[in-house]
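Dear colleague,

I am passing on a structure that you have not worked with before, and the sequence and model follow directly below.

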Amino acid sequence: MNNVREFLIDASNWVHDLSVEKIPLNSIDHAKILFIDTLGAAIASLTTTYGKMFVSGFYNDIDDMPTVLPALSILLDFDSTLLYYGHLGHGILASALFYAISNETTGSEIVEAIIGASEITSRIAASLVLSEVRGQMMMPLHALTTAIMLAKLSDQDPNTILNAINHAVSILLKPLREGFATIAKTLIASTGFNHGLNSFNLAKSVKNNNNLSFESFLKNWKGIIVETPYSGLGKRWHINTLSIKKYPACSYAQTAIEAILQIRESINPSEITQITVKENLLTYHMDKTSKVFIERGLRFPILQFFTPYLISYTLIYGKPNPLMYEKEYIQSKGIWNLIAKTKFMHSLNLTSKLLREPLPFSVAFKELNILTKLYLLLRFGGLKALTMLQYPEIRRGHDIEYINLERTKKILGVEIEVKTSTTKYEISREIIDGFHGTSLDKKWAITLNKLNYLKMFMSDTEFQHAIDILRNLEKANYEELNFIVKVVKKALEHSVKMV
């Protein structure tokens with residue numbers, strides 16, 4: 001664990017010294033996209049019944065904004081992700097606006113803080129990729145991004161940054177798996193922000209901290225800890241691995257939605273007799289888990305993670321949007337008739353394609369001995385999974401020191417067969433626009449389209465001014481950032497009045 005100690009000390013110094021002049025232009029673009037995309041996801045939630053109900057219960061005045069925003073930005077699972085595991089935007093957006101409310105900060109300072117928080121947290125998140133509770137670990141990471149953001153924005157010394165990091169992971173909350181299937185999952189992001197804020201305040205107040213809580217944090221997570229990611233600060237930019245979701249649904253299902261849209265105009269949903277969805281291992285296990293809750297009668301938000309619902313909705317109504325989780329759709333007999341005709345199954349071929357890319361899971365294989373690799377393959381894929389060892393990239397994994405992050409693709413492949421009494425359609429998809437591996441221009445287009453939901457809460461002139469500020473965030477002054485805070489405040493207050 002000595003490398004953990006060294007990494008955190010180096011990281012704290014690196015964050016302290018970071019300036020926009022040291023950051024590549026495309027990384028600055030990705031930082032702005034992350035900020036705007038998270039804001040767009042939060043505003044999109046305000047257009048829904050669930051979002052309005054949530055805000056009406058939690059928002060009273062501007063001081064509540066930082067607590068409400070993280071929950072809204074995760075409500076529809078419409079948020080962006082980094083390739084090396086991380087929905088990091090929740091704490092980033094909330095802490096940036098929280099700080100801007102009462103401090104004369106600038107856009108360049110916010111961009112520097114976004115990069116610093118993302119680069120450190122993504123490496124720490126990547127070190128936990130094979131943890132057995134991997135999907136439940138985000139609360140400490142939201143706290144971590146918040147603590148680093150606030151420490152950087154307020155220009156704290158490296159030791160205070162280090163203490164803020166350690167305090168952020170000093171309390172290890174492990175939500176029940178069942179929480180994943182309820183609206184309470186939104187509190188993970190808000191709880192993370194508030195704990196990160198408290199961690200930052202504690203670090204400012206108590207200067208002497210001789211313990212590195214993060215070492216204990218790593219030891220307490222069950223599973224395998226990956227140590228390779230602690231490298232390349234200032235050389236390889238994890239913010240560049242940002243993936244933008246086109247639809248309000250889990251990233252695993254975005255390829256399935258995109259695939260089914262290819263045939264939607266050619267088929268009458270009422271004539272469908274069977275839908276077969278072949279999935280990679282990640283999507284398959286997500287659907288298996290979701291199905292258990294759905295069979296218990298739970299619907300929202302678990303439907304965001306259930307491919308059969310997302311495919312059925314798309315076939316009947318077209319491109320998914322935030323309103324797809326309103327009761328009129330969730331209770332639609334047409335959708336559930338199609339779900340009943342849908343079966344999903346694991347495809348070793350799609351899983352092998354996934355693992356042959358240097359995603360976190362295959363990077364982790366680099367550090368495993370052969371017996372552990374065999375155990376994991378058998379456990380998650382059965383005997384047939386051993387055939388994946390024919391690929392050298394899976395046998396030896398990937399060393400993050402030598403990965404070209406710019407060329408890595410987020411392949412979440414799917415193959416779909418749709419049958420009617422007279423016709424059979426076969427379609428497949430591996431990657432969609434906005435995922436890592438697609439162009440920066442496409443990511444910008446999707447992000448700005450998501451921000452269009454702001455139009456519902458202000459005049460065209462105000463909206464265009466907000467767009468201009470956000471597009472050029474690194475050049476924004478205090479007055480312009482204050483305008484963005486007022487824009488968000490106006491949207492929240494408008495939603496409260498609509499309930």
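How closely do the axes of helix 4 and helix 9 come, and at what angle do they cross? Before the answer, please keep in mind that this is a predicted model. The axes of helix 4, which covers residues 65-75, and helix 9, which covers residues 187-205, come within 7 Å and cross at roughly 145°, and the crossing is right-handed. On the side of helix 4 the contact is made by Pro66, Thr67, Pro70, Ala71 and Ile74, while helix 9 contributes Ala189, Ser190, Phe193 and Asn194. Sorted by class, this contact of helix 4 with helix 9 has 6 nonpolar and 3 polar residues, with no charged ones.

In the loop between helix 4 and strand 1 (81-82) lies Asp77, whose phi is near 50°, a positive value in a residue other than glycine. Most residues other than glycine have a negative phi, and most peptide bonds are trans.

Finally, the count of salt bridges comes to 16. In one of them, the side chains of Lys353 and Glu430 meet at 2.9 Å, N to O. This pair links distant parts of the chain, 77 residues apart, with Lys353 in helix 16 (residues 348-356) and Glu430 in the loop between strand 6 (424-429) and helix 20 (440-451).

Terms used. Residues are numbered from 1 along each chain as its sequence is written. This is a predicted model: local features need pLDDT of at least 70, side-chain atom pairs count only at pLDDT 80 or more; totals for chains, interfaces and linings use all residues. Side-chain values use heavy atoms; hydrogens and water are left out. Axes are lines fitted to C-alpha atoms, for helices over the stretch in contact, and angles run from 0 to 180 degrees between N-to-C directions. Helices (H or I, at least four residues) and strands (E, at least two) are DSSP runs, numbered from the N terminus. A crossing is left-handed if the near helix is turned anticlockwise from the far one by less than a right angle, and right-handed if clockwise. Contact means heavy atoms within 4.5 Å. Ala, Val, Leu, Ile, Met, Phe, Trp, Tyr, Cys and Pro count as nonpolar, Asp, Glu, Lys and Arg as charged, and the others, Gly among them, as polar. A salt bridge is a side-chain nitrogen of Lys or Arg within 4 Å of a carboxyl oxygen of Asp or Glu.
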